[in-house]
Amino acid sequence: MKYDIIVVGGGHAGCEACLATSRLGNKTLLLTGNIKNIADMPCNPSIGGSAKGIVVREIDALGGEMGINADKSLLQIKMLNSAKGPAVQSLRAQADKIVYPENMRKTLYKQENLDIKEALVENLWIENNKIKGVILENEEKIEAKSVILTTGTYLKADILIGDTRTRKGPHGERPSNYLSENLEKLGFKIIRLKTGTPQRIDKSTIDFEKAQLEPGDLKYHTFSFDTPPLYKIEDQVPCHLIYTTEETHKIILENLHKSSMYGGLDDIQGVGPRYCPSIEDKVVRFKDKERHQLFLEPESIYYDDIYLQGFSTSMPYDVQEKMVHSLKGLENAKILKYAYAIEYDAVDPTQLKQTLETKIVENLYTAGQINGTSGYEEAACQGLLAGINASLKLQNKEPFILKRNEAYIGVLIDDLVTKGIKDPYRLLTSRAEYRLLLRSDNADFRLREYGYQVGLIDEGRYQKFIQKKEQMNKLLEELKENKITPIKEVNEYLKNIPSTPLKDGISLYDLLKRTEITIEHIKHFFPLNYSEDVFQQVEIYIKYEGYIKKTMKEASKLNDLDNKKIPENFDYDKIHNLASEAKQKLKEIRPTSVGQALRISGVNPADISVLMVYLKKEHIHE
Amino acid sequence: MNDTIVAIATAMGIGAISIIRVSGKQAISTVNSVFKGKDLTQVDSHTVHYGHILDQGKIMDEVLVSVMRAPKTFTTEDTVEINTHGGIAVTQKVLEIIIRAGARLAEPGEFTKRAFLNGRIDLLEAESVMDMIQAKSEKALELSMNALSGRVSLKIKNIRQKIKELLAAIEVNIDFPEYKDNLEITNQDIKYNIKEIEEEIHRLIEESKDGTRIKDGIQTLIIGKPNVGKSTLLNQLLEEEKAIVTNIPGTTRDIIEGTIQVGGVLLNIMDTAGIRETEDLVEKMGVEKSLKWIEKSDLILLVLDNTKPISKEELELIDKIKTKNHILIMNKVDINPALNKVDKEEMIYISAEKGTGISEIKKKIKELFSLEKLESKDLNYLTNARGIALLKECLSSILDIKEAIHQNLPIDMVEIDLKNIWNKLGEITGETYDEELLDQLFSQFCIGK
């Protein structure tokens, strides 16, 4: 049997990748080590978070599955930073670890053009630097035109606890032992990374009275632009907040040498993520901090595990017992699963094109943790983009690349392929230069058109979006056209808000510019009949128009540079005037545009000027 | 290449005419917005116009402006060339005004680069254009390294660090909102911090003026009653140093007439008309008017006559100049002194006629303005117009921040301009790197699952 596309790995990247390719009409095979682990959430039981929640919205706008699936699996949901501006608001949900994978599995099984097979891939079938298919553990070959590797942390995975190192993946699953070595033989640079996960505690052994309640929002939210809320506000499951104690810190410091990372193991190579240090790291590095926050997060309504967020460690079991029991409310807690660290192989993402196709092997793509990222959402969006681009390439169509001012997905992929990584990459709003443009609320305005053009958004969903757009323009017009005058009733009303009374007539549009005036106030003056979404869009647009325009102006400068393309096989050795460090970096990264070239560290503006002059010279030659 | 660029096109000689070149789509309208004279957007191509460059409505310099429309220009873009008269300091000021009006300071070799990219220069020349860009950028780097004394860049780095810590504190609230132990930064915190930052930037700009003075010449006024010996003194100073004198006939009265070099310090002598024509500035214009001149100068040489009693005007002048850099000179000490003359400790006694005491004046000038002196007095300077323009842009971002705080906008909006300031200061010192802010965030705060 020959496939168009094979996706290796059934995690969050793999699910999006195989759904995208099969939906776009490619005969697709998903290979996974264990079908039961499809869309598994081996670490925290949540989807979204700062910036990540916006990525889920972007995935949804483009026609991916994560948002829809998360909406079906919520335990609770919150809008983070709701007291701040719209640019930094982002959804975060607790997702049920049984329900989420189950729903995703169902979707996959129902999907046309998609076969699913349980198997471990240990090698690639390559001819003339072009992928031909994959080779399984049992030497069986499966042919395909394109292959997408979404192997997560399973490449040469080692579980580290105290002074023991065991070759296995999350949940004790079998890792792939040879695939990364085989990739290395092909010329891929392999990097070793590390991450960790905290203990799971038996819910019935926790005294929640001693913890602080962390409920979901009292307002309905959905990740997807197309699904109504599928939960009830009052049925949301709460999380709880507790703190480490003096006793906890004492135990950690006394037993520090037993931690894998602090001498328990002397062969650690993996680089851990800066944003999620182990609890021993936190205690050591922030000595002055009296306490550290920990969250008790429910994993599922179908079983009793509580995820102890913030307590990841590689201490041996006996020390973990003491540490957990030193926490308030957890004095008698039963640990169901111990915390562990995991070390795994990843490929250097600078060896990728912006389409996530590898530069070394044609039609081979990598997405997700194999590219050095961390997080379900980061993985999912890469899977989606790799799936889309693999499909486009087979159809001889132009690649689909998102710009830094269009989507967090664009920021993430550009960062990966241009700058590479040092520690597992997590998306943060601080990584985006133009985050005012990359909001949670406008993900559909930014990306739905693309989703439609690519073919993942059907006519019905697209028309719904077009209507929203029309409604928004209509409302803007209405607000501009209608004015209020400084009559007594108006000024009385304004004074009560409180807002400055009018001296002259003012359009509703301009009135809404005032910080203290909301669309609800406007409705008092003028009956308006639109959906909440449309009101919200218009209000944000009007209130922050100045800032939005300023940011767009900045972004357009970047766009000009990004639109100046560098030919794929450009020979940098021909430019004698380039500084040698710049030349080295440019040859390594092979940027596709002048803008991307400028973002490479070690390439300075003078090098870019030289490059532009040379490109022009070449152009005249032709 | 859609933006408009500007640079000083002539070598920075002493006292000579300088040309500022502006190129790009907005070149003509940008210059026009600060030009008093004909409407440059309406004039014919390749014509020259007389007028003034305005600094916020005030006349800065008398200039000749050449307007050349695309495509028959060096860069093939709309180009304006401004001939300035006022010496280096004024030329830099004009450059700064053009930058503030919307142009961007050109990168090294950028005019030539544009000429090439627009097809103006032959293909064969491309290689040399590229060489030139690299060479010029190295030179520029070297220059800016020199221009930034260790202390200035340290000061800017300190301001940046302060902003970086503040940004990290805001960002950690945004990216890790669930960590409630981290202090929630509010607009009030920004307001408090920004006040300090504003003062420091103001101070840097102020101090940079001192630096510009050293490099570009000190506006010097020689005043005194008729026949006190002002011309003789000037001649002596010239004689002593065999310095360059440049006279630009026909320039307005309030700009540099000539430049002399005294002990390595450039003096731009203002209004030598009063000296040459032996007309008395003080008496002709009155003390009130002469104050205007005093205001404009960095150094005042007040010449008194040993043979005559001190006049009321002279006493008033001594009082008025005491806050400025000044030297009191008692001339004609070789002739019998008059009674009732003013006696001050700081007075330098000379005989311009015989040439005695001139070295004392020279010493005093060096004392007042030498570089070593400035360093030890902890005066900092930023000599390049670009640096000053960027600092001023920071100030305008501070205004935006204040306005945003006043309007009670969310902190992430207020922060946009704070980031701008941080980036601009980084442009001055050239010390930005990719993950700078994140490194700060993770070292300053404890977060993670």
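This note goes through helix packing, domains and backbone details in a predicted model.

1. Ground rules. The model is predicted, so local features need pLDDT of at least 70 and side-chain atom pairs count only at pLDDT 80 or more, while totals for chains, interfaces and linings use all residues. Residues are numbered from 1 along each chain as its sequence is written, chains are lettered from A and ligands numbered from 1 in the order in which they are written, and side-chain values use heavy atoms, with hydrogens and water left out.

2. Helices H1 and H9 of chain A. H1(A) covers residues 12-23, and its axis lies 7 Å from that of H9(A) at an angle of about 25°. Helices (H or I, at least four residues) and strands (E, at least two) are DSSP runs, numbered from the N terminus. Axes are lines fitted to C-alpha atoms, for helices over the stretch in contact, and angles run from 0 to 180 degrees between N-to-C directions. H1(A) and H9(A) are therefore roughly parallel; angles under 35 degrees count as roughly parallel, over 145 as roughly antiparallel, 65 to 115 as roughly perpendicular and the rest as oblique. The crossing is right-handed, a term used if the near helix is turned clockwise from the far one by less than a right angle, and left-handed if anticlockwise. Residues in contact (heavy atoms within 4.5 Å) include A:Ala13 and A:Ala17 in H1(A), and A:Ala380 and A:Gly383 in H9(A). By class, this contact has eight nonpolar, five polar and one charged residues. Here Ala, Val, Leu, Ile, Met, Phe, Trp, Tyr, Cys and Pro count as nonpolar, Asp, Glu, Lys and Arg as charged, and the others, Gly among them, as polar.

3. Helices H9 and H10 of chain A. H9(A) (residues 376-394) also packs with H10(A) (residues 408-419): their axes come within 10 Å and cross at roughly 85°. That makes the two helices roughly perpendicular. H9(A) contributes A:Glu378, A:Cys381, A:Gln382 and A:Leu385, and H10(A) contributes A:Ile409, A:Leu412, A:Ile413 and A:Leu416. These divide into six nonpolar, one polar and one charged.

4. Helices H6 and H8 of chain A. H6(A) (residues 246-254) and H8(A) (residues 317-325) have axes 8 Å apart, at about 165°. They are therefore roughly antiparallel, and their crossing is left-handed. On H6(A), A:Thr248, A:Ile251 and A:Ile252 meet A:Val319, A:Lys322 and A:Met323 of H8(A). The contact has four nonpolar, one polar and one charged residues.

5. Domains. Domain bounds come from an automatic or database domain assignment. In chain A, domain 3 is 459-547 and domain 4 is 564-621; their C-alpha centres lie 48 Å apart. In chain B, domain 1 is 5-106 and domain 2 is 150-210 + 385-444.

6. Backbone details. Most residues other than glycine have a negative phi, and most peptide bonds are trans. A:Glu139 has a positive phi of about 75° and sits in the loop between strands E8 (130-136) and E9 (141-149) of chain A. A cis peptide bond joins A:Ile497 and A:Pro498, with omega about 0°; A:Pro498 is in the loop between helix H13 (488-496) and strand E22 (506-507) of chain A. The bond from B:Ala70 to B:Pro71 is also cis, with omega near 0°.
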